[in-house]
Amino acid sequence: MSYLLIGNISALICNDCIEPLANARIRIYLPDIRNRTENQASGIFNDMKPLSAKEVLMKADRLLAHTTLDEKGNFSLSWDEVHLFTEPLELDLCLDQLPGKNGSQQSRNFHLSSIVLHWKRNSNGYVGAYAYVIPATIWHNIYANAGAWVITGVVKPHLGAAGQPHLKVEAYNAQTGQIIGHAKTDEVGRYFLHFSRQHVRSGLMKSIIPDRKNLGPDVYFKIYKNEQLLWAEDERMSQSRDRRDIAPCSNLNIIYKRSRVKRASSQIGSWLSDMITLTAQRKNKSDKDRLLTHYSLL
């Protein structure tokens, strides 16, 4: 007989948006009988807390199973039966890098829960499920400590109700005018744009303003469709309250209008076409006049 545990781990960027923990690692440990508490035995769900490298090393002999989460934060792992049906298990998380391969790369270990899972019996053994969503405040602090940012939101046209898929979103640092990140919108028009302190500086970053809480850039956006500029935001928008000193985890919806520059270019193209047609007509008329003059002289 064996145990199979399936589940998902994700994080709250904001109240209405979840980010999957792609490529994170989950570890399952046997309980530490020496330090078992009444709460652990009764299966209380604990808050996420950081673990030092020493703490991870000290429990290595109790490691039962481990695996890597897929791009959607899902995982599946199994192990042979070892009298675990009513025992609490310890679940830990390791983040070697943040989603989008963002921020400083180092192992960040966290304890998720000490919990008695609810197992169901089938023909092959026992099956259980586990899901955890990292609270927004904790996820914000993890990003901040890693020197990283994530911006998410929905891209919609002006006076349009639905988000627009397959658009390219570019974010710019208003202090330097340099691009700091880009992303594609999904089927419902949502984008996830990641960048780090390294992208913000990029050799052209001005000195950090001391009174900035997040040490972040002021941002504005450009939207592309099929690699053609669809809309360019006025850079002055970067000075609005939600764009200045951008927080490590931010939700910014983008409402765009078609670029005036694009329309102007179209008008210029039409004007040039009319001029070419008019010139050709004048040329043809001039040729006829010269021909009539030639025949009259004969």
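The exercises below, each with a worked solution, concern a predicted model.

**Exercise 1.** Determine which residues of helix α3 are buried, and explain how they are placed around the axis.

*Solution.* Begin with the buried residues of α3, which spans residues 136–145: these are Trp139, Ile142 and Tyr143. Next consider their directions, which cover an arc of only 95° around the axis, so that the three lie on the same side of α3. Then turn to the face directed away from the buried side, where the exposed residues Thr137 and Asn145 are found. Finally, look past the helix, for α3 is followed by Gly147, whose phi is positive, near 65°.

**Exercise 2.** Classify the aromatic pair of Tyr3 and Trp119, and state which parts of the chain the pair ties together.

*Solution.* The centres of the two rings are 4.7 Å apart and their planes stand at 75°; since planes over 60 degrees apart count as edge-to-face, the pair of Tyr3 and Trp119 is edge-to-face. Tyr3 belongs to strand β1 and Trp119 to the loop between β8 and β9, so the pair joins parts that are 116 residues apart in sequence. As for accessibility, Tyr3 counts as buried at 0%, and Trp119 is buried with a relative accessible area of 10%.

**Exercise 3.** Describe how the rings of Trp149 and Phe195 are arranged.

*Solution.* With 5.3 Å centre to centre and 5° between the planes, Trp149 and Phe195 form a stacked pair. Trp149 lies in strand β11 and Phe195 in strand β14, 46 residues apart, and both residues are buried.

Conventions. Residues are numbered from 1 along each chain as its sequence is written. This is a predicted model: local features need pLDDT of at least 70, side-chain atom pairs count only at pLDDT 80 or more; totals for chains, interfaces and linings use all residues. Side-chain values use heavy atoms; hydrogens and water are left out. Buried means under 20% relative accessible area, exposed over 50%, partly exposed in between (1.4 Å probe, protein chains only). Helices (H or I, at least four residues) and strands (E, at least two) are DSSP runs, numbered from the N terminus. The arc is that of the directions from the helix axis to the C-beta atoms. Rings of Phe, Tyr and Trp (its six-membered ring) pair if their centres lie within 6.5 Å; planes under 30 degrees apart count as stacked, over 60 as edge-to-face and the rest as tilted.
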